[in-house]
Amino acid sequence: MRQSQLLIPTLKEMPADADVVSHQLMLRAGLIRQVASGLYTWLPLGLAVLRKIERIIREELTRSGAQEVLMPVVQPAELWEETGRWKKMGPELLRMRDRHEREFCLGPTHEEVITDLFRREIQSYRQLPCNFFQIQTKFRDEIRPRFGVMRAREFTMKDGYSFDTDQASFDLTYREMYDCYSRILTRMELDFRAVEADTGNIGGSNSHEFHVLAESGEDTIAYATEGDYAANLEKAVAAPPAPRPAAGQALAEVATPRATTIAQVADQLNVPASRCIKTLVVEGDTGPVALVLRGDHDLNEIKAEKLDGVASPLTFASETAILGALNCKPGSIGPVNLPIRTIVDPEAAAIADFVCGANRDGYHFTGANWNRDADATDVRDMRNVCPGDKAPDGQGELLFLRGIEVGHIFQLGTVYSEPMQANVLDRDGNTLTPIMGCYGMGVTRLVAAIIEQNHDQHGITWPEPLAPFAVHIVALNYAKSEAVRSAAHELLARCLDEDVEALLDDRDERPGVKFADADLIGAPHRIVVGERSLKEGNVEYRTRVSRDPQPVPLSEVLARLT
């Protein structure tokens with residue numbers, strides 16, 4: 001392909017409205033252009049990368065035994081009403097009415113549609129297990145689209161859905177999808193981690209996220225220094241704490257004027273924050289609920305929202321409500337004689353002789369102990385793990401990485417098949433409700449994640465399997481030199497003969513402009529054709545990540561590539 005005939009509108013200046021590297025480079029390298037907030041047109045180079053990602057995904061899913069289908073973007077409301085998600089989903093679900101006043105939505109996901117297809121077409125256990133996938137447009141009306149295609153409103157996604165007769169069969173399917181996703185990302189030459197994760201709005205029991213590691217990642221991943229444990233911070237747990245020591249101090253009330261935070265209390269009383277207790281009050285199903293943590297730990301709101309009796313979504317009680325229930329302000333609450341339901345984190349429950357609020361403004365207790373002074377019978381994990389915590393399997397300590405979520409697989413159980421009555425007959429003629437799995441991978445998000453992990457100060461450094469072109473032929477003084485034109489076209493023709501994807505820069509531009517654009521576009525291999533080197537029968541060859549060109553005979557350079 002000749003660059004003069006291809007739409008590659010590169011930019012010299014950094015776009016002012018692009019916050020992350022991938023968004024900046026996708027705009028500067030001419031991969032995308034914004035149409036509206038969160039909506040993008042994909043230009044030839046960007047689309048070429050998308051198609052390579054899709055090809056790898058299709059090949060590995062076909063290898064795993066999954067079947068490709070294509071479902072509609074527009075979905076009828078009645079399917080979503082069957083599962084209760086029509087009301088449960090928030091404003092991210094873009095709803096509309098047709099000319100007959102029937103309600104529809106733009107699909108952010110397709111669990112209801114695939115389950116409807118299954119119940120219409122699959123009748124017998126003999127047709128199970130089955131696994132379907134599609135690569136298709138999704139729409140989620142993000143309140144604040146950001147980071148370019150990383151969090152856009154319209155995007156391309158691979159979503160898949162499996163149906164199995166029993167747990168043993170599903171475990172095999174789920175493991176195959178886990179391995180399939182690992183193969184996909186390995187073929188893309190990405191550094192990634194698969195981690196335990198929360199199921200979110202999709203529902204079900206367990207799930208795993210696949211993260212491309214990058215400093216710009218939105219998610220924090222906790223992983224063990226030894227062994228295989230890894231989890232999203234929302235899901236991560238640490239090993240149980242050591243047994244609580246015996247009480248050694250008497251309970252005493254002390255004045256703590258103007259101390260309403262853990263830091264202020266610890267400073268006034270000259271104790272570490274880890275010896276203090278903090279008590280947060282949230283709304284519950286039947287009244288306020290106190291959540292008690294160690295002073296130096298943070299509440300994990302995802303875990304807290306899943307606690308029995310805690311209202312969902314998680315809502316912190318107002319100061320007015322706290323004053324009405326406890327007769328003190330939030331900075332003075334503690335578990336001693338607390339008249340509301342109390343849930344204690346295991347690390348908080350393992351402390352003896354701790355400091356806590358005295359449920360009286362301006363006062364705290366020292367020497368407080370569980371069982372003697374306060375109740376700790378309801379103990380549940382609700383905190384964020386910290387770097388240095390012991391891994392739950394005992395294999396080393398937990399450390400943190402940043403990651404970009406590009407895939408998520410779910411163990412749905414019967415969350416969709418049961419309410420939609422997607423049943424089959426078992427071998428005895430009885431009704432069987434299949435176990436479902438859901439498997440998503442963000443195709444457009446992958447492009448951004450790949451760039452976040454593969455770039456330098458000059459531009460993109462594409463992994464070879466994903467580059468829009470394998471070779472960039474940079475012809476210097478192309479417009480004036482017949483020797484350069486002839487050699488460049490000969491190279492392009494030979495590349496085509498060998499099925500090597502090549503881009504020829506035949507523009508009438510200065511060498512500096514051509515080299516800057518070549519760095520920006522990021523093809524893995526570069527061949528520079530110039531009059532000086534041609535006089536010696538050579539061209540200059542280098543890889544994108546190497547700054548040192550090597551003279552190679554024109555007749556041998558293609559062999560070097562292949």
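Reader: Hello! In what order do the strands of the open sheet of 3 strands run?
Author: Welcome! This is a predicted model, where local features need pLDDT of at least 70 and side-chain atom pairs count only at pLDDT 80 or more, while totals for chains, interfaces and linings use all residues. Residues are numbered from 1 along each chain as its sequence is written, and side-chain values use heavy atoms, leaving out hydrogens and water. The edge strands, each pairing on one side only, are β14 (277-283) and β16 (341-344). With mixed pairing, the order of this open sheet is β14-β15-β16.

Reader: Which residue of β16 is the bridge partner of V289?
Author: Strand β15 (residues 288-294) pairs with β16 in the parallel sense over 4 bridges; two strands pair if DSSP finds at least two bridges between them. In β16, V289 has as its bridge partner R341.

Reader: How are helices α1 and α11 oriented to each other, parallel or perpendicular?
Author: The axes of α1 (residues 21-28) and α11 (residues 443-453) come within 8 Å and cross at roughly 105°. Angles of 65 to 115 degrees count as roughly perpendicular. Therefore α1 is, relative to α11, roughly perpendicular.

Reader: Which residues of α11 make the contact with α1?
Author: Contact means heavy atoms within 4.5 Å. On the α1 side are V21, S22, L25 and M26, and on the α11 side V447, A448, I451 and E452.

Reader: Is V513 buried or exposed?
Author: V513 is found in helix α13 (residues 511-521). Buried means under 20% relative accessible area, and exposed over 50%. V513 has a relative accessible area of 15%, so this residue is buried.

Key: Axes are lines fitted to C-alpha atoms, for helices over the stretch in contact, and angles run from 0 to 180 degrees between N-to-C directions. Helices (H or I, at least four residues) and strands (E, at least two) are DSSP runs, numbered from the N terminus. Angles under 35 degrees count as roughly parallel, over 145 as roughly antiparallel, 65 to 115 as roughly perpendicular and the rest as oblique. Buried means under 20% relative accessible area, exposed over 50%, partly exposed in between (1.4 Å probe, protein chains only).
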